Amino acid sequence: QMTVSSNGSTTNGQTEEMDIDQENGNPAKKQKLMSKEDFVKVMDDVEKHSLIVDEKWYLVSLNWWKKAEKAVNDGYMEDIQPIDNSKISTRGISGAFYLAPKLVERMDFIPVPEKSFEVLNDSFGVVDAKRDIIERLVIDDGLRGNRIDVYPKVVNVILARDRSRRVTLPLRNDTVGSLRERALRELGVNESLHKIRFYIEHGDKFELLNVKDDDEVANLFSSEPTVVVDIVDENGKGFISNRINESYNEISSSPSYTRGVCGLSNLGNTCFMASAVQCLSNVPQITEYFLTDQYTNDLNEANPLGTEGHLAKEYGKLMHAMWSGRHESFVPRNFKSTIGKFAPRFSGYAQQDSQELLAFLLDGLHEDLNRIRKKPYVEEKEPAEGTSEKAIAEEAWANYRKRNDSIIVDKVHGQLKSTLVCPKCAKVSVKFDPFCFLSVPVPTKERLFRTPIVLMFNPLKKWARFALNITRTTTVAQALDLIMSELGEKIEVIVFTVDSMNRPTLMEMDDPLCGENRNRYAIVYACQVTRAIEGSELVIARTMGEKKLTYSSKNLPVFFTIPLNQSEEAVKEFGEKEIVPVVKGMFEKDGIEEERYKCGVEVTRDGDKWMVDLIFDEVNVLEDVRGTGLIDREKSMPEPKQDVSLVDCINMFTKKEQLSEQDSWYCPQCKEHVLATKKLDIWKLPQILVVHLKRFQYTRWSREKIDTPVDIPGKDFHLRDILVNDSHEDAVYDLIAISHHMGGLGGGHYTATALNGETWYYFNDASVSKACAPYGTPSSSPYLLFYRRRELPIIHSDEHLDMETED
């Protein structure tokens, strides 16, 4: 029988239920070996099981899970070891086990429904029951709906005048109002609510919790906050007198600190938010708009796409606090809470992405401040034949501005040109769309790795095997150049790979020799042909058994070229006279009598190539030769360049690509979905250009950061040459802020560097220090880049703000 032990604290300060215990803590014994079918059912249950409130789930280390999956796929169920959660557990001073901090679902662990976990436990057992049985409940957190409460939270509540009176309250779906009622009841406080003050304790300082009763507690607290309850007298005096951040302060005429040089306290994994806000705070044209309260005239509280003005108001208050000159650092709790109300993914305290936060913030501010009170309907229609691109772009921009008019659009939005070309009818579709970010790819670091390629010679001679040290982007043509340089001659070859049934896939010269979708250790074959490929037809020869139950070739396919426009009879004759001897010479076993080599030839047409099937009466007279026993000849590509420039990344963004099946385009001329080619170009640049370096790659089971150093231009960044709009004004930009990401995905940290006046500052949560200009040396940390277009004259519109603004 499994029972839940008492509560305890995790190493990251969060309280949770301890792992499920078993009698004496002994590991469960394997009782019956699970079948492959049963394991597949468990996997299916993990994917499809609904989240039901109060239902139990169990956490299983992804490390163990992947090993189990491999054993299942290999057909060796007996190799699956007992469940081992040592990779996701940590041990406290008391000896109790807790879930390690900052774990990510499907990156560190897999949640498994109760019944499926029981099946796994019955079959494989656990190494240590106290450590490896990790039970969690499904909760409804009110914002994101039902979810597994991986890190259950509590709040410690203390009475200010008697700190011995304290309670620890577990949190579920509490609002501020319900938490207050529970806290006062547990502490035995019966005073009127107007005399009650709640503070969050920060060492020897206290932050007044000035929020609404219906605010979700999940948006306010992370980890284990200590809340102090104070009771004030009729004059508003209580036990606590040293208060911080009690109210937003107006700009002071005698500041204690440089305006805008204000840290933002980390509320618990909120460095991503602080980084984005510090960058935006140091965009003078936008911040002055809030500091001078111009935004209050544009508030659009009725806009259903906005936040009823709440986000704009809280951001305005935050800017006033950061630029008041009264604070060395500030606690942005109300701002964080407001974001969590309208963007549930930011409501908790897990690490998030600064670009995603900034995207929400800019979009939310735009809608809250949209000067268009009633958006008109704008019909999208095809432009008339012969309309210039300039006219199409201007009309598209005008139509966009009919529905979108805000400080964000004024300063941050630009325009892209999108060109789609149908591969069937060559129909060209050109559209112009607004953008708020330029999200540009960052190339991965090109590392050399070893991949084999076997050269099949025809006329017959011993095959050659090459061990090529290449990169993921090395093309077939580049690999062949290496091989030809080793051979000292140039020969015509067909390059291909085969699957487990020996079915070939041809490769083009500009294909990567070992792309992302292929195992880099799998053999690539190059079959020599005696006739030039240009101006010839391709013939593929396959060896079959007499019954031909499947089109599974006994051996590797062999390629030939013949003159164009041959008849089927001519191809069959070519097969009998030319192909059969070559195939025999390549694959025949030693010591086989000639009469056993009876072989029929069948010819079929497959698109633009001929298929010649050699039907052997006894297919076992042939060896399954793959060239694996050959001695490798080593050849290497030159060591790849590691650093890239920002312009390189932008050029990758504008590179033509072919759409995938999921993104197919409906061609209005062909009347069907096609895999069109797509090209993006930059048409109109904004005054404030935000560039997002796409450093994160995600798949179902893995996430990785691209650490390629990028050379970031600082001053005099000329972008006129990357524009396709010939009539665009000059575009010279200066860097004014960077959001940095350091470390990996699991334990990474965000900071910011920004230009305040003429001085660069480094913002690391609540800490701020002067910094050198953050450019000149390629770096892997820049993630978001803020550029300001150079426009003269630039003057100080209000000297006491210490901000540069345009005239």
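Trainee: Which residues of α6 are buried?

Mentor: The buried residues of α6 are Cys271, Phe272, Met273, Ala274, Ser275, Ala276, Val277, Gln278, Cys279, Leu280 and Ser281. Buried means under 20% relative accessible area, exposed over 50%, and partly exposed in between, with a 1.4 Å probe and protein chains only. The model is predicted: local features need pLDDT of at least 70, side-chain atom pairs count only at pLDDT 80 or more, and totals for chains, interfaces and linings use all residues. Residues are numbered from 1 along each chain as its sequence is written, and side-chain values use heavy atoms, with hydrogens and water left out.

Trainee: Why is helix α6 called largely enclosed by the rest of the structure?

Mentor: Of the 11 residues of α6 (residues 271-281), 11 are buried, so the helix is largely enclosed. Helices (H or I, at least four residues) and strands (E, at least two) are DSSP runs, numbered from the N terminus.

Trainee: What makes α6 oblique to α11?

Mentor: The axes of α6 and helix α11 (residues 354-368) come within 8 Å and cross at roughly 50 degrees. That angle makes α6 oblique to α11, since angles under 35 degrees count as roughly parallel, over 145 as roughly antiparallel, 65 to 115 as roughly perpendicular and the rest as oblique.

Trainee: Which residues of α6 and α11 meet?

Mentor: Phe272, Met273, Ala276, Val277 and Leu280 in α6 meet Ser354, Leu357, Leu358, Leu361, Leu362 and Leu365 in α11, where contact means heavy atoms within 4.5 Å. The residues of this contact divide into 10 nonpolar, one polar and no charged. Ala, Val, Leu, Ile, Met, Phe, Trp, Tyr, Cys and Pro count as nonpolar, Asp, Glu, Lys and Arg as charged, and the others, Gly among them, as polar.

Trainee: Is Cys422 buried or exposed?

Mentor: Its relative accessibility is 2%, so Cys422 counts as buried. Cys667, at 0%, is buried.

Trainee: What makes Ile533 partly exposed?

Mentor: Ile533 has a relative accessible area of 33%, and therefore counts as partly exposed. Ile533 lies in the loop between β24 (524-528) and β25 (536-544). Leaving aside neighbours within four places in sequence, Ile533 is in contact with Glu492, Val493, Ile494 and Thr561.

Note on methods:
Axes fitted to C-alpha atoms, helices over the stretch in contact; angles between N-to-C directions.
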